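This briefing looks at one helix and at the nonpolar cores of the chain. The sequence and structure come first.

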Amino acid sequence: MVFSFEQAFCVIGDLELFSAKDEMIFSTVQALVPSYLLALPLSIIRQKALQDANFLTFICQQLSQKLYQSSLRHSQSPYSSEFKLRRYLFFKTQQEGVSFQLEKRDSLAAMLGISTRQLNRALAHLVSIKAIKLKSKSITVLDEELLSQLNDLA
């Protein structure tokens, strides 16, 4: 399940910050675009920053935003595979422009919470209505307006 899509200057590891020391949290992070990461030891953060109101406010805002986005995603789970694919492609277009490489279909389908078969049908439909052009793993968005019409699929 995708927990969140993040933009520049976001925090990862915020859940680990507040977990009990003997409790393990397993997370998987996948960068969809080239990224720079700044890693700080959790022990230093706990020592120095947990007494800072500005830091705690910032972390709470980050967690709140992720919780809100995650809640939206869960509430939209009954939506069609095409809706989920359009939303993903629209996000990718905003990040990378109208032409980009598609991930492996099995991975993408799992990330969207649909089967590979459903993904292939949704891709074929978007090609048939000329919203996208698909050649091997390359996607070109032909009609961003059509792609962004998510209300019609709800």
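Predicted model: local features only at pLDDT ≥ 70, side-chain atom pairs only at ≥ 80, totals over all residues.

**Helix H6**
- Helix H6 covers residues 116-128, which is 13 residues.
- From first to last C-alpha, H6 reaches 18 Å, close to the 18 Å expected at 1.5 Å a residue.
- Lys130 follows H6 and has a positive phi, near 65 degrees.

- Leu119, Ala122, Leu123 and Leu126 are the buried residues of H6.
- Viewed down the helix axis, these buried residues fall within an arc of 100 degrees, so they line one face of H6.
- The face turned away from that buried side carries Arg117, Arg121 and Ser128, which are exposed.

**What H6 packs against**
- The helices in contact with the buried residues of H6 are H4 (81-96), H5 (105-112) and H7 (144-147).
- Strands S2 (132-135) and S3 (138-141) also pack against the buried residues of H6.

**Nonpolar cores**
- The largest nonpolar core has 20 residues.
- Leu85, Leu89, Leu108, Leu119 and Ile139 have the most contacts inside this core.
- Leaving aside residues up to four places away in sequence, Ile139 touches Leu89, Val98, Ser99, Phe100, Leu102, Leu123, Ile132, Lys133 and Leu134.

Technical notes. Residues numbered from 1 in each chain as written. Heavy atoms only, no water. Helix = DSSP H or I, 4+ residues; strand = E, 2+ residues; numbered from the N terminus. Expected span 1.5 Å × (residues − 1). Buried < 20%, exposed > 50% of the residue type's maximum accessible area, 1.4 Å probe, protein only. Arc of directions from axis to C-beta. Contact = heavy atoms within 4.5 Å. Core = buried A, V, L, I, M, F, W, Y, C linked by side-chain atoms within 4.5 Å.
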